[in-house]
Amino acid sequence: MPLRISLKPFERLIINGASIRNGSKAADFLIESHCKFIRESEIIRDSEADTPAKVICVTLQVIHLANDPTEAQGLLFAQAVELLKAMPSAATFLLKIQDALAAGQTYVALKAGKQLMYHERDLMAARKEDTRAA
């Protein structure tokens, strides 16, 4: 079953490592074979990775697009250990990521990484509110 992708004007899409940018008009196309892709709206750049969860998301992007993700998976493990020390509540999210990677579902792992990022954001916001209240 093909996957329909709709790109906004000038939106970028990475397919199997190739960066594709749409022209000045919206476009739809079908992907009819298995490939690895990330839409521009899903990409977190290294320069934007200013929290541990965002750093993990960047590593998950590399794993998702890599032909041989072995080195990146080792890095992910080290990052996950450090994150767990600082934020034990991340365990549930990291387990989802690990399960998805073990099943070869790198895009699912990427989505779980985004959930981890939102969880981290919510914890940081709650801490800021607690600090203001004190």
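A pocket here is an open set of grid points, where a 1.4 Å probe fits, with protein on both sides within 12 Å along at least five of seven lines. The model is a predicted one, and in it the largest pocket holds about 260 Å³ of space. This pocket is lined by 15 residues, and those closest to its centre are Ser-33, His-34, Cys-35, Lys-36 and Phe-37. Sorted by class, the lining of the largest pocket consists of seven nonpolar, six polar and two charged residues.

The second largest pocket has a volume of about 200 Å³. Its lining has nine nonpolar residues, two polar ones and no charged residues. The residues concerned are Ile-56, Gln-73, Leu-76, Phe-77, Ala-80, Val-81, Leu-84, Leu-94, Ile-97, Gln-98 and Leu-101. Helix 2 (70-86) and helix 3 (91-102) each contribute at least two residues to this lining, and helix 2 gives the most, with six residues.

Helix 2 comes first. With 17 residues at 1.5 Å a residue, helix 2 should span 24 Å, and the distance of 25 Å between its end C-alpha atoms agrees with this. The expected span is 1.5 Å times one less than the number of residues. Buried residues, those under 20% relative accessible area, are Ala-72, Leu-76, Gln-79, Ala-80 and Leu-83 in helix 2. Viewed down the axis of helix 2, these buried residues fall within an arc of 110°, so they line one face of the helix. They pack against helix 1 (52-65), helix 3 and helix 4 (106-133). The other side of helix 2 has the exposed residues Thr-70, Glu-71, Phe-77 and Lys-85. Two of the residues named as buried in helix 2, Leu-76 and Ala-80, also line the second largest pocket. Phe-77, exposed on the other side of helix 2, is likewise part of that lining.

Helix 3 can be read in the same way. Its twelve residues reach 16 Å from the first C-alpha to the last, close to the 16 Å expected at 1.5 Å a residue. The buried residues of helix 3 are Phe-93, Leu-94, Ile-97, Ala-100 and Leu-101. Down the axis of helix 3 these residues fall within an arc of 125°, so they too line one face of their helix. Helix 1, helix 2 and helix 4 are among the elements that cover them. Thr-92, Leu-95 and Ala-102 are exposed on the face of helix 3 turned away from its buried side. Leu-94, Ile-97 and Leu-101, buried in helix 3, are also found in the lining of the second largest pocket. After helix 3 comes Gly-104, with a positive phi near 75°.

Most residues other than glycine have a negative phi. Phe-10, a residue other than glycine, has a positive phi near 65°. Phe-10 sits in the loop between strand 1 (3-7) and strand 2 (12-15). Is Phe-10 buried, partly exposed or exposed? Its relative accessible area is 48%; exposed means over 50% and buried under 20%, so Phe-10 counts as partly exposed. Asn-16, also a residue other than glycine, has a positive phi near 50°. Asn-16 belongs to the loop between strand 2 and strand 3 (18-21).

Note on methods:
Residues numbered from 1 in each chain as written. Predicted model: local features only at pLDDT ≥ 70, side-chain atom pairs only at ≥ 80, totals over all residues. Heavy atoms only, no water. 1 Å grid on protein atoms, 1.4 Å probe; cavity = no way out; pocket = protein on both sides within 12 Å on 5 of 7 lines; lining within 4 Å. Points joined across faces, edges and corners; volume = space filled by probe spheres on them. Nonpolar A, V, L, I, M, F, W, Y, C, P; charged D, E, K, R; others polar. Helix = DSSP H or I, 4+ residues; strand = E, 2+ residues; numbered from the N terminus. Buried < 20%, exposed > 50% of the residue type's maximum accessible area, 1.4 Å probe, protein only. Arc of directions from axis to C-beta. Contact = heavy atoms within 4.5 Å.
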